[in-house]
Amino acid sequence: MKTIVLFDGVCNLCNGVVQFILRHDPQERFLFASQQSEAGQRLLAEHGIKAAQALAESVVVLEDNRVYLESDAALYILHRLGGVWGWAYIFRWIPRPWRDWVYRWVARHRYRIFGRRESCMVPTPALRGRFLDR
């Protein structure tokens with residue numbers, strides 16, 4: 001079962017998260033698409049998510065017709081990575097409004113704190129198969 005991560009392709013933090021997942025996912029359970037790409041836009045529309053909403057939340061996770069947003073998305077990614085990272089899933093017991101408040105604060109300030117790219121990242125030939133927006 002593949003987990004799709006839709007990320008803000010011009011956000012340095014989001015690109016760093018994608019690089020982190022790629023390094024810690026030897027089973028290649030994750031596929032990726034930038035939200036700005038045709039593939040990303042199509043997946044957002046198929047799941048009834050407005051593009052502006054998705055970019056504000058910065059990461060959207062899709063798996064088996066389930067959609068994870070905000071802190072649920074971040075925690076689910078760590079859970080799927082397993083190992084030591086899977087332990088972070090225990091934070092789902094913190095009430096979602098509190099988790100999402102922190103997540104939204106970081107998402108709202110991510111460009112100012114981490115910077116922004118002029119264009120979406122281009123995967124290396126070795127990683128191209130992991131990206132839906134090739």
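Helices (H or I, at least four residues) and strands (E, at least two) are DSSP runs, numbered from the N terminus. By that reading, the protein chain in this predicted model has six helices and four strands. Residues are numbered from 1 along each chain as its sequence is written. Because the model is predicted, local features need pLDDT of at least 70 and side-chain atom pairs count only at pLDDT 80 or more, while totals for chains, interfaces and linings use all residues; side-chain values use heavy atoms, with hydrogens and water left out.

**The chain as a whole**

- Starting at the N terminus, the elements follow the order β-α-β-α-α-β-β-α-α-α.
- Of the 134 residues in the protein chain, 46% are buried (buried means under 20% relative accessible area, exposed over 50%, partly exposed in between, with a 1.4 Å probe and protein chains only).
- Contacts (heavy atoms within 4.5 Å) with a separation of 6 or more are 68% made up of pairs of residues 24 or more positions apart.

- Five of the five residues of S1 are buried, so the strand is largely enclosed by the rest of the structure.
- Both of its faces are covered, with Thr 3, Val 5 and Phe 7 on one side and Ile 4 and Leu 6 on the other.
- S1 pairs with S2 in the parallel sense over five bridges (two strands pair if DSSP finds at least two bridges between them), and here Val 5 stands opposite Phe 32.
- With S3, the pairing of S1 is antiparallel over four bridges, and Ile 4 stands opposite Leu 62.
- Together, S1, H1 and S2 form a right-handed β-α-β unit; right-handed here means that, with the strands pointing away from the viewer, the path from the first strand over the helix to the second runs clockwise.

**The nonpolar cores**

- In soluble globular proteins, nonpolar side chains tend to be buried together.
- A nonpolar core is a set of buried Ala, Val, Leu, Ile, Met, Phe, Trp, Tyr and Cys residues joined through side-chain atoms within 4.5 Å.
- The largest such core has 22 residues, and those with the most contacts inside it are Val 5, Ile 21, Phe 30, Phe 32, Val 59, Val 61 and Ile 77.
- Two or more residues of this core come from each of strand S1 (3-7), helix H1 (12-23), strand S2 (30-34), strand S3 (59-63), helix H4 (70-81) and helix H6 (96-114).
- Another core, of ten residues, lies apart from it and has Ile 4, Leu 6, Leu 31 and Ile 49 among its members.
- Leaving out residues up to four places away in sequence, Val 61 touches Thr 3, Ile 4, Val 5, Arg 66, Val 67, Tyr 68, Ala 73, Tyr 76 and Ile 77.

**Helix H2, one face in and one face out**

- H2 covers residues 38-46, and its buried residues are Ala 39, Gly 40, Leu 43 and Leu 44.
- Viewed down the helix axis, these buried residues fall within an arc of 130°, so they line one face of H2 (the arc is that of the directions from the helix axis to the C-beta atoms).
- An α-helix has 3.6 residues a turn, so residues three or four places apart point the same way.
- Glu 38, Ala 45 and Glu 46 are exposed on the other side of H2.

**Salt bridges**

- There are nine salt bridges, each a side-chain nitrogen of Lys or Arg within 4 Å of a carboxyl oxygen of Asp or Glu.
- Asp 8 and Arg 110 meet through their side chains at 2.9 Å, N to O.
- Asp 8 sits in the loop between S1 and H1 and Arg 110 in helix H6, so this pair ties together parts that are 102 residues apart in sequence.
- Asp 8 is buried at a relative accessible area of 0%, and Arg 110 is buried at 4%.
- Arg 104 and Glu 70 form a salt bridge at 2.6 Å, N to O, linking helix H6 with helix H4 across 34 residues.
- Within that pair, Arg 104 is partly exposed at 40% relative accessible area, whereas Glu 70 is buried at 8%.
- Asp 25 forms a salt bridge with Arg 29, with the closest N and O atoms 3.5 Å apart.
- Asp 25 counts as buried at 1% relative accessibility, as does Arg 29 at 19%.
- Salt bridges that share partners join Asp 25, Arg 29 and Arg 130 into one network.
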